[in-house]
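Here's a quick briefing to read alongside the model. Keep the 3D view open and find each residue as it comes up.

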Amino acid sequence: MLNTQLFNTQLLNVWPYYEEEVFSGIAMYNDLSFDSDNIRISRMSDLEDLNQFTWTTYKTARVHGEWHTSFYYDRKTVVIEGIIKADSASELETLIKTMKQALFVEQQELRINKSNGDQMWTTATCTWLKFDRQAYHISFVPFTVEFTTLSPFFFGTTLETTEFLSKSASFTEAVANLSGNYKSLPQVLISFGTGLVWVTTVSVVIGDKTITVTDTFVDSDAILIDCSARDVYINSIGWAEFTGDFGELEIGETPIEVTINWTRDADIYFLWYPTYV
C-alpha cells in the first residue's frame, strides 16, 4: 500500500532525490538528453576534477643509461547520476529501453552545458550503466551511467576564427587563443583568388612547427591544413603531399608566418575549437 499510494501516485510521483541546486547543467549523448520531461540529473562528475595525467619514468639502454620522464593526460571518466520518471510502469519500461538503445552506441558525441554557460563536447562511449531498481520503483528509477572519453580533451562548441584577407606576399602575424585552458589544434584554410603566377610552394609556420605543401596551384584553388586530423587537403581531396610537422595554438598568442611564392591574392583563415582538460 505504501508503494502504490505514496511513492507512485500522481500526487507524489515527482522527482524523488532530485535537488535542482546540486546540478543545473545539461548533458546529451547520441541525441539522448539528460534534462528532459522524463530524465533529470542529480549529480555529475565535476569536469574540473577530471584533469587526470600520468607520469612515466623510464631508463634508456644507451646514452649511459639516462633516466627520462614522459607526461601525458589520461582519458576521462564522466559519471552521471539521475532519475527516470514516467506516468506508468509500462511507460517507464519504454523509457529504460530507449535509454539503453541510445547509450549502447559507441563513440558518440557527449555534450555538456555547464551551469556557468560553458558548452563543451567530446567523443565518448558508455562503459557502464546501472539502474538501482527497488521493489517500490514502479514509475521512477534512479540510474548511474559512466562515459569514457576517446581522448583526454573536451572542446568548445563555438568555432574560433582569425582571418588574414587579400594577402599578396609573405607575412608574419600572431593568432590569439584566449578561450579554453589548453593548446588547440587549428585548421588553416588558404583560398586563392585570381592572378596567380607560378604558385608552387606554400609554407605555414605555427609556433615552432613548419609545414610545407608543394604543388601547382591555379586560380580559386584552396588548401586546408588540418592539424587535428594531421592531413592536408587540396580542393577537398586529402592525403596531399607535405613536409614538416603540424603546429599548435598555445593559450595566449602564437606567432604564425605564411609564405606563398608568386601569388597576388590569397585569403588565409585560422579556425579552431577551444580545448579543455
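Let's start with Asn 30, which sits in the loop between strand S1 (26-29) and strand S2 (32-33). Strands here are DSSP runs of E with at least two residues, helices are runs of H or I with at least four residues, and both are numbered from the N terminus. Keep in mind that this is a predicted model: local features need pLDDT of at least 70, side-chain atom pairs count only at pLDDT 80 or more, and totals for chains, interfaces and linings use all residues. Residues are numbered from 1 along each chain as its sequence is written, and side-chain values use heavy atoms, with hydrogens and water left out.

**Two residues with a positive phi**

- Most residues other than glycine have a negative phi.
- Asn 30 isn't a glycine, yet its phi is positive, near 50°.
- Asn 30 is partly exposed, with a relative accessible area of 24%; buried means under 20%, exposed means over 50%, and partly exposed is in between (1.4 Å probe, protein chains only).
- Ser 166 isn't a glycine either, and its phi is positive at about 55°.
- You'll find Ser 166 in strand S11 (residues 160-167), and its relative accessible area of 53% makes it exposed.

- Phe 34 lies in the loop between S2 and strand S3 (39-44).
- Is Phe 34 buried or exposed? It's buried, with a relative accessible area of 0%.
- Leaving out residues up to four places away in sequence, Phe 34 touches several others, including Met 28, Ile 41, Met 99, Leu 103 and Phe 147; a contact means heavy atoms within 4.5 Å.
- Phe 34 and Ile 84 are 50 residues apart along the chain, and their C-alpha atoms are separated by 9.2 Å.

- Ala 266 belongs to strand S20 (residues 266-272).
- Ala 266 counts as buried because its relative accessibility is 0%.
- Among the residues that Ala 266 touches, not counting those up to four places away in sequence, are Phe 164, Ser 166, Ser 191 and Ile 260.
- Between the C-alpha atoms of Ala 266 and Phe 164 there are 8.6 Å, though the two are 102 residues apart along the chain.

**Thr 148 and a polar contact**

- Thr 148 is part of strand S9 (residues 140-149) and counts as buried at 17% relative accessibility.
- Which residue's side chain makes a polar contact with that of Thr 148? It's Thr 127, at 3.0 Å.
- A polar contact is a pair of N or O atoms within 3.5 Å; within protein, one must be able to donate a hydrogen and the other to accept it, and residues adjacent in sequence count only if both atoms are side-chain atoms.
- Setting aside neighbours within four places in sequence, Thr 148 also has contacts with residues including Arg 75, Thr 77 and Ala 124.

**The protein overall**

- There are two helices and 21 strands in the protein.
- Of its 277 residues, 40% count as buried.
- Take the contacts with a separation of 6 or more: 69% of them are between residues 24 or more positions apart.
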